[in-house]
Amino acid sequence: MPWSNQSGGGGPWKGGGNGGGPWGGGGGNNNGPWGGGPNRGGNTPPDLEELLKRTQDRMKSVLPGGGGGGLGTIGVLIVVGIVVIGWLATGFYVVDEGEVGVELVLGEVTDQTPPGLNYNWPYPVGEVYKPKVEQQRETTVGVDETVSGSGVVRSRDVPEESLMLTGDENIVDVGFKVLWRIKNTREGISDYLFNIQDPEGTVKAVAESAMREAVGSSNIDAILTENRVAIQNDVVTLMQTTLDTYRAGVEVAEVQMQRVDPPSQVIDAFRDVQAARADQERIRNEAEAYANRVVPEARGEAARVLEAANAYKEQTIAEATGQSQRFTKIYEQYKNAPDVTRERLYLETLEKVLGSNNKIIIDSDTSGSGVLPFLPLNDLNPRGGAAATARTGGN
């Protein structure tokens with residue numbers, strides 16, 4: 001090496017005994033490296049020549065062939081080889097579970113690697129990104145959530161994000177949360193890494209825009225009561241369509257509306273309106289339940305009356321038909337034997353009439369035998385007397 005033989009006077013920047021350095025300057029030890037005067041403050045700068053000499057001596061003691069004539073060609077090659085091997089060894093990397101390794105060579109994506117030990121060209125030739133594709137991320141809009149040291153989640157309203165205008169020109173305070181993840185496809189991962197600069201900020205801006213559009217197309221009554229699920233589904237669809245247009249590589253899983261209230265200045269009045277609407281809905285449900293109970297009962301009663309009428313009709317027709325047939329049969333017998341038939345009809349009629357009545361028969365010829373007719377005559381009947389005794393308790 002040209003600096004291996006350092007003897008005697010000054011080096012390339014240091015003035016010798018007889019003259020100054022290469023840029024002039026007098027002799028002595030107080031000259032600066034550029035031939036200036038003595039340093040101010042009494043402190044001399046580091047001696048570069050001495051540092052180079054010490055470094056050269058250390059290399060000679062480590063590398064072969066360094067006894068006296070410099071490093072040599074073999075030594076230089078060994079040093080270069082060690083440096084190259086060390087540089088190449090930095091290309092090994094580990095991809096954890098739930099991650100995907102994205103390899104770049106000279107700024108261009110060349111491969112995507114699974115979890116485990118992998119290799120790529122070291123920096124600056126190559127570079128590796130390891131996005132967590134299976135991690136579900138959360139983005140809140142309208143609410144600022146902070147986790148304290150004890151694990152308690154504290155939320156703070158963000159009016160500039162949460163206040164939205166409804167379709168009927170009312171203001172509603174909406175706070176919601178978006179659950180999303182990276183699309184686990186080759187194109188989706190590349191889009192997520194290289195197509196958008198701030199993925200979380202983009203998702204938040206798109207979510208706020210989609211929610212404002214969905215709220216702006218609905219009335220405040222529907223938003224505060226029964227239309228939340230439909231709005232959440234609409235926001236998911238709008239967000240996914242917009243993010244796919246941006247090629248953001250993001251998949252929206254769910255939108256959860258955490259708080260939907262009127263502005264704090266009028267919340268009491270809105271709560272009264274909600275209570276009245278709840279009462280209206282309750283009364284309407286009770287009326288519908290009563291109608292559902294009464295109408296079937298009325299229909300059943302009408303059906304019963306109709307069936308009874310039909311049965312009476314059939315019975316009357318059957319009885320009339322039977323009577324007419326009986327009369328026809330009797331008439332036929334009457335034509336064959338009028339006297340006998342007339343006598344039989346007379347006796348049957350008396351039997352039927354007198355058989356159901358209480359009868360007392362007194363022979364008029366025996367009126368002088370001591371039988372005294374009196375009223376009521378029914379009391380002379382043993383059955384009537386037993387019945388009267390039973391009614392009077394036997395007295």
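**Exercise 1.** In this predicted model, find how strand 2 (residues 101–105) and strand 5 pair, and over how many bridges.

*Solution.* Begin with the two strands themselves: strand 2 and strand 5 run in the antiparallel sense and pair over 4 bridges.

**Exercise 2.** Determine in which order the strands of the open sheet are arranged, and which strands stand at its edges.

*Solution.* The open sheet is formed by 3 strands in the order 3-2-5, with antiparallel pairing. Strand 3 (108–113) and strand 5 each have a single partner strand and stand at the edges, so one side of each is left without a neighbour in the sheet. Neighbouring strands of this sheet are, with direction ignored, turned by 25 degrees against each other on average. Finally, helix 4 (residues 186–194) lies across strand 2, strand 3 and strand 5, and runs at about 125 degrees to strand 3.

**Exercise 3.** Explain why the pair of Trp 87 and Trp 121 is classed as it is, and work out which parts the pair ties together.

*Solution.* The structure holds 4 aromatic pairs. In one of them, the ring centres of Trp 87 and Trp 121 are 6.5 Å apart and the planes stand at 40 degrees, so the pair is tilted. Next, place the residues: because Trp 87 belongs to helix 2 (residues 72–89) and Trp 121 to the loop between strand 4 (116–119) and strand 5 (126–129), the pair ties together parts that are 34 residues apart in sequence.

How values were computed
Residues numbered from 1 in each chain as written. Predicted model: local features only at pLDDT ≥ 70, side-chain atom pairs only at ≥ 80, totals over all residues. Heavy atoms only, no water. Phe/Tyr/Trp six-rings, centres within 6.5 Å; stacked < 30°, edge-to-face > 60°. Pairing = 2+ DSSP bridges. Axes fitted to C-alpha atoms, helices over the stretch in contact; angles between N-to-C directions. Contact = heavy atoms within 4.5 Å.
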